[in-house]
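These are notes for a first reading of the structure. They go through the chain contacts, the sheets and a set of annotated positions in turn.

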Number of protein chains: 4
Amino acid sequence: MKHIIFGESHGSAIGVVLENVPAGVELDMDFIRSELARRAPGRNALSTARREADEPRILSGVFEGKTTGAPLCAVIENTDTRSKDYSKLKDLPRPGHADYAGYIHSEGCGDYRGGGHFSGRLTAPLVFAGAVAKLILREMDVTVSARISNVAGIPDPTPEQLEEAVLGAKADQDSVGGCIRCTVEGLPAGLGAPDYGRNVEGIFSQHLFAVPAVKAVGFGAGFGFAAMRGSEANDPFCWEGGEVRTRTNHSGGVNGGITNGMSVEFEVAIRPTPSIAREQDTVNLATLENAKLTIEGRHDPCIVHRAVPVIEAAAALATCELLGL
Amino acid sequence: MKHIIFGESHGSAIGVVLENVPAGVELDMDFIRSELARRAPGRNALSTARREADEPRILSGVFEGKTTGAPLCAVIENTDTRSKDYSKLKDLPRPGHADYAGYIHSEGCGDYRGGGHFSGRLTAPLVFAGAVAKLILREMDVTVSARISNVAGIPDPTPEQLEEAVLGAKADQDSVGGCIRCTVEGLPAGLGAPDYGRNVEGIFSQHLFAVPAVKAVGFGAGFGFAAMRGSEANDPFCWEGGEVRTRTNHSGGVNGGITNGMSVEFEVAIRPTPSIAREQDTVNLATLENAKLTIEGRHDPCIVHRAVPVIEAAAALATCELLGL
Amino acid sequence: MKHIIFGESHGSAIGVVLENVPAGVELDMDFIRSELARRAPGRNALSTARREADEPRILSGVFEGKTTGAPLCAVIENTDTRSKDYSKLKDLPRPGHADYAGYIHSEGCGDYRGGGHFSGRLTAPLVFAGAVAKLILREMDVTVSARISNVAGIPDPTPEQLEEAVLGAKADQDSVGGCIRCTVEGLPAGLGAPDYGRNVEGIFSQHLFAVPAVKAVGFGAGFGFAAMRGSEANDPFCWEGGEVRTRTNHSGGVNGGITNGMSVEFEVAIRPTPSIAREQDTVNLATLENAKLTIEGRHDPCIVHRAVPVIEAAAALATCELLGL
Amino acid sequence: MKHIIFGESHGSAIGVVLENVPAGVELDMDFIRSELARRAPGRNALSTARREADEPRILSGVFEGKTTGAPLCAVIENTDTRSKDYSKLKDLPRPGHADYAGYIHSEGCGDYRGGGHFSGRLTAPLVFAGAVAKLILREMDVTVSARISNVAGIPDPTPEQLEEAVLGAKADQDSVGGCIRCTVEGLPAGLGAPDYGRNVEGIFSQHLFAVPAVKAVGFGAGFGFAAMRGSEANDPFCWEGGEVRTRTNHSGGVNGGITNGMSVEFEVAIRPTPSIAREQDTVNLATLENAKLTIEGRHDPCIVHRAVPVIEAAAALATCELLGL
């Protein structure tokens, strides 16, 4: 399944086209809506107040409730777009955002409003695509589940710790980052290859780094391998329950770029939301002079919790690719 | 430049084919040999004693010392192949290695000798390909340089610390892992895209995870972002020396999947060498019973230092891809 | 520029997503509409009476009239969809159409109404994409132009011959095929490669065979080469006007898969419209018995003239791919 | 199975790397050699006298006689290379050959000897790759077979007509072209897709146009469709032998880019050998003046018969791609 996500934060609509969708998959719209709702903003004190229905309109590829195998296009209209908030940022790139990189990339023609095509809002169609992927994987008994593994440096935070860290940053006109740990269960051994373009970790990371704010990806023990010795890092094999397993899973279910039959496990780092209320240093791209910038409007002091279903979506799409779907 | 690396540790030869090489690049063989020598084993107490000439034979794509634009194939003959060391491992997959995953992947038909196609020896043709990439990048004033940033949990180790850690592990019949940090300098802003398949971090990680033993990749502050606040993580812009720069480079030169004109910086984790002298638990794949395994022969107690030119090679190939070469 | 065309004849909308569009291209909507009008049906006695506004709605990738470099999605709503005409064809595949192949492909879940995703109507978004490609090529002084080179076996027909052939077939409840010849002017020598996936003829033919009804593609003399001798087929070189040219262009501007600086010229065969009013033999897919089929409704007795802008569109997209855009 | 063919006519070796080969395929070397022998020159009066052993050396991807799933590299050494024949052609591009296009493409750095990478000799590794593909298809009861369908304008020539046409051209210091018709039997209905990059005709043509001298490709009736009416062109369905079939196969087994269960049939045009003994007009690329050129040495006055196994090889590779192998 190849996919292209399109749209801008303040354009008329955002969406996704999925190519090579298997035919005959029942498109469980309740499930899809529930996945979109997990990502949606405005549900509590930790998120922005922007509210979008995020109701996908299926334009193609579905007939009588099932996928046809033809390209599936889904569109979500943009309704709550307060463009005025952003117009004065046109020449003042926001630190930590893609404003400047995108300005050069688009030769000055980019849609700067609300991050344009770089906006976190574009993760809505990604979650849609991931929900379709999950429906396909469900039929193969493959599941994808992610959870917050770190917020503001706190490993495996409780809801109270999470709330405290986020509200603390908000009070300081600041933001926090974190980590998400994800597990794909039910994959057989032997998928992938050691070679460039075909190995499991490469396929997953390609999808994961396409999620805005992801800056690091580690499989199994990840960067923890640096401080381990081989005797600890190696996962001993055992014959158990009629199959070959490993007693530990430091390798995250992958050896030599190939699944080994254990759960595929990885962690990603999510950078702190770049939009903070404090005054920041920037450069005026029109006058080419140093300048000060204050970002107004309401912004998430933390996006880690909202990124959980997005990471699952990226992992579900990667899993489909790995399975040759 | 597309590339395919082929060969097995104990087959007749290993090599690489490079497609879409720009025409007219002078193939500086002294440079290529010096890169291969950086990776070669057997040079000191820290490495295995296996010695290979690693002299590449160019079969195609080069005429009168310059690339022609046609596919470039280079082959390195295998000469020092002591297959007997490995024959008894056929049914006993080594923990931490790809033996079991590869066994399933190849439906039992894989070349199990010395890791076969999964062997670290396959990084020799990768270094060759990377050397060609570096020669191309040299003409564009783009440089790639990596260094050890961690060994056995010790950040930025001195040579003495490195030696002590490695020899200590060796004495314990064990091995150590580490990290490598790499910088690509000279890239303009605006390369890449936020989208799947085209973003800078995705392109680099695809190449990096194809290097055996790499288990994690982080850009800029990487997993360090989890404990940072936005006010610290954001790189403030400044107008300096006639160009837009950032005062810090926590983003590793990439925002929204696009280069921002600063150095592209990333770190990878290298798992400890799985081949250790201690007895380990495994499963006999022929009898499907639990078994014990002792790996004989000489093996690197640490490959981090040898992996430095390999990571540079992968980064050079990724950079060429990013530049549309 | 990668593109995915989506939609079904009787679905809610059809459209296209273009990825990797160069930034800063002024989107001349008058030109785009004029290209769509060239393809539109219902303009004279030779075409079906179905009328669609074919007004594209740009959802993304364009800001203040210019492309941004982000994925460009354009949608054309389906308005004139008389689904009842088709419902009784559900189990009776129409000879010459993709009904049966599509039925198997979609595991019986396809949208059978009006050809679904296989409908010639899907060439509207293709013409849209081609118009964008032409606007890009215009800035590089590259032009694409096609013409009818054969109708009903008549080479280079006059409008009168064309009309006579088409109306004659219509009177016989039949249809006619033909050929279209296309020229791409302004390409430099040296583009392409001899190798699989990169050669000029391969790139063009990949795009051309994706046009419904195209069943053959020939470059330069095409199948005429079979009856030529080398002394006639070879295009002699000459030094003329300060450049290397060939006196003839039997090679169609391509040698060894690479442009030689002359116009790229090719011809495609368009099969006769499969929808004819005569009774035809088919199989009832529900009962698995032989059956008779009569296609009702209004259908083009010839689509060759309407296919001219479609072939230009495919050629413009191929040219962009060849140029690395 | 992705493949890259490398080498030059007068370089040290030619070969191919196949990636993603299924594991466990017995590599029947007798069959592979017999396929290479079908293509080899020097076997009768119709071919050049150049003799090469064409013995492939397998460097990788095969263990104990079976494929391992790892990249398979095969190399054929060049032994009979009379480079002196070609040195004086360096600045005189041969009409009909890729010399000039390749000169520009390689920025003057190409290996001009004997056509270099453009040489028909490069079809030897293609036949090797095709033989591997045939061995894979054999296990699925899919067969590929081609035959000469035209020589020098004579349809379906007898061996006597073929010999007469070729020897007649040779006597005139000239050459002849022709056509090859190929059939792939045993494919199920439903493979492919109507969309760009995935449709059957596009996939096949991509492989076929990568064969030197192929200038046109038509499926089923091909260009013959232009003179047919729909009532003749449409293939009526029938229920026969417990399956849906068509009474005729003008569509060549493909509708809407998807296999319909009938044999996939296509024809290609092979241009006359550009190397002829007559004096020809060219341009001296060093002096940029018009010049005369006489090609010496022995050349095939016809390559159509030698191209038959090459077309089969390209079709076998295309079939594997279509099957998702």
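1. Chains C and D meet through the same surface, because 99% of the interface residues of chain C are also interface residues in chain D. Please keep in mind throughout that this is a predicted model.

2. An open sheet of 10 strands takes its strands from chains C and D. Its order is β8(C)-β7(C)-β9(C)-β15(C)-β10(C)-β10(D)-β15(D)-β9(D)-β7(D)-β8(D), and the pairing is antiparallel. In general, strands of a sheet pair through backbone hydrogen bonds, either parallel or antiparallel.

3. Which strands stand at the edges of this sheet? They are β8 (154-155) of chain C and β8 (154-155) of chain D. Each has a single partner strand, so one side of each is left without a neighbour in the sheet.

4. Helix α6 (residues 200-208) of chain D packs on the sheet. The helix touches β10 (214-219) of chain C, and also β10 (214-219) and β15 (264-270) of chain D. Its direction makes about 160° with that of β10(D).

5. Within chain D, strand β7 (residues 143-151) runs antiparallel to strand β9 (residues 178-185), and 8 bridges join the two. One of the residues to look up is T143(D), whose bridge partner in β9(D) is E185(D).

6. Chain C also holds a hairpin of β16(C) and β17(C), with 4 residues between the strands. Strand β16 (residues 279-284) and strand β17 (residues 289-294) pair in the antiparallel sense over 6 bridges. V283(C) has N290(C) as its bridge partner in β17(C). In this hairpin, L288(C) takes a positive phi near 55°.

7. Turning to chains A and B, 83 residues of chain A are in contact with 83 residues of chain B. On the chain A side, these divide into 40 nonpolar, 33 polar and 10 charged residues. Strand β10 (residues 214-219) of chain A and strand β10 (residues 214-219) of chain B run antiparallel and are joined by 3 bridges. In this pairing, A216(A) stands opposite G218(B).

8. Which residues of chain A does the UniProt annotation "binding site" cover? According to that record, an unreviewed entry, they are H117(A), F118(A), S119(A), G256(A) and R298(A). They are spread over 182 residues of sequence and also spread in space, up to 45.3 Å between C-alpha atoms.

9. Is H117(A) buried or exposed? H117(A) counts as buried, because 30 C-beta neighbours lie inside 10 Å and the cut-off for buried is 20 or more. The residue lies in the loop between α3 (99-105) and α4 (123-138) of chain A. Not counting residues up to four places away in sequence, H117(A) touches G7(A), E8(A), D111(A) and L122(A), as well as P194(B), T68(C) and A70(C).

10. G256(A) is found in the loop between β13 (254-255) and β14 (258-259) of chain A. With 25 C-beta neighbours inside 10 Å, G256(A) counts as buried. Leaving aside neighbours within four places in sequence, G256(A) is in contact with P194(A) and with A98(B), A101(B), G102(B), F118(B) and P212(B).

Methods:
Residues numbered from 1 in each chain as written. Chains lettered and ligands numbered in written order. Predicted model: local features only at pLDDT ≥ 70, side-chain atom pairs only at ≥ 80, totals over all residues. Contact = placed C-beta atoms within 7 Å. Nonpolar A, V, L, I, M, F, W, Y, C, P; charged D, E, K, R; others polar. Pairing = 2+ DSSP bridges. Axes fitted to C-alpha atoms, helices over the stretch in contact; angles between N-to-C directions. UniProt positions renumbered as here; feature names shortened; annotations may be inferred. Buried ≥ 20, exposed ≤ 12 C-beta atoms within 10 Å, placed from the backbone.
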